[in-house]
Amino acid sequence: MGLLKELRAPKSLEAQIAGESLFNDGIGVVLFLALASLAGLFATVPTAAPATSALLAFFVREVGGGAMLGLGCGFVAYRTLMGIDDHPLELLVTLALVMFTYAVSFTIHASGPIAVVVAGLLIGNPGRRFAMSARTRELVDAFWSMIDELLNTVLFLLLGTQVFAVSTGPRAIAAGLVSVLVVLLARLISVGLPVAAMSFGRGLARGIVPVLTWSGLRGGISVAMVLSLPQFPARDLLLTCTYSVVVFSILVQGLTVRRLLGYYRLGTNESPTVHA
């Protein structure tokens, strides 16, 4: 996102990448828990029930429940912000919203990440426009930017302590390289199909699919999820594959996305648009 702002990429591209990454994180955690439960590593999904019905019920509860919880808590916070005009208090309301929403999600067994994302979208869009003064918006933006940077720094520091657990044998390295290719292909399909469907008959920024595919960096959440797995025979290999994907995305994709943006002329707000 910092690179996109530096290159003055279109605001629509920034919104697409940021929004897509937020929901990816939430859905990714839910899918991870479901698959790990079916494999007998967690007890989140009841394995005694048929796999299809158990998964369906799990997704409805986690995704649907998380979205409804986020909307409900976000609306209460929005109405609260509408009724007050005190900068520190409004900032505390946004902090309380995140903590309360995530805490409640554990109680009702809904997805905390999805709930917080939905609540954040409500507060960060209509909430910013209609319930916050300009001064409050500045304080809220500065506070949450600082929290974001701080937590990311701590997360990667903790993840760095686990690097010694990564296998470096020929088999593990080969599996890591294959994982990188599989993830890129899956990313291309998961981005290309929805973008093509949503942009049918509408203006489509040139190179949007390659840029969204290549800019899909993997980070702390991926490694944190695999580290949460209990010990079993394939755990170390999964950890190596995950680290390979994360390192490749940060060092290779992250350092070359500037050239890709320049190739498709997405470095200015006047980037060309083609029609599907």
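Reader: What are the ground rules for the model?
Author: It is predicted: local features need pLDDT of at least 70, side-chain atom pairs count only at pLDDT 80 or more, and totals for chains, interfaces and linings use all residues. Residues are numbered from 1 along each chain as its sequence is written, and side-chain values use heavy atoms, with hydrogens and water left out.

Reader: Which residues of helix 4 are buried?
Author: Glu90, Leu91, Val93, Thr94, Leu97, Thr101 and Ser105. Buried means under 20% relative accessible area, exposed over 50%, partly exposed in between (1.4 Å probe, protein chains only). Helices are DSSP runs of H or I, at least four residues, numbered from the N terminus.

Reader: Where do they sit around the axis?
Author: Within an arc of 155°, so they line one face of helix 4. The arc is that of the directions from the helix axis to the C-beta atoms.

Reader: And what is exposed on the other side?
Author: Pro88, Met99, Phe100, Phe106 and Thr107.

Reader: Is Cys73 buried or exposed?
Author: Buried, at 13% relative accessibility. Cys241 is buried too, with 12%.

Reader: Which elements give two or more residues to the lining of the largest cavity?
Author: Helix 7 (170-198) and helix 10 (235-263).
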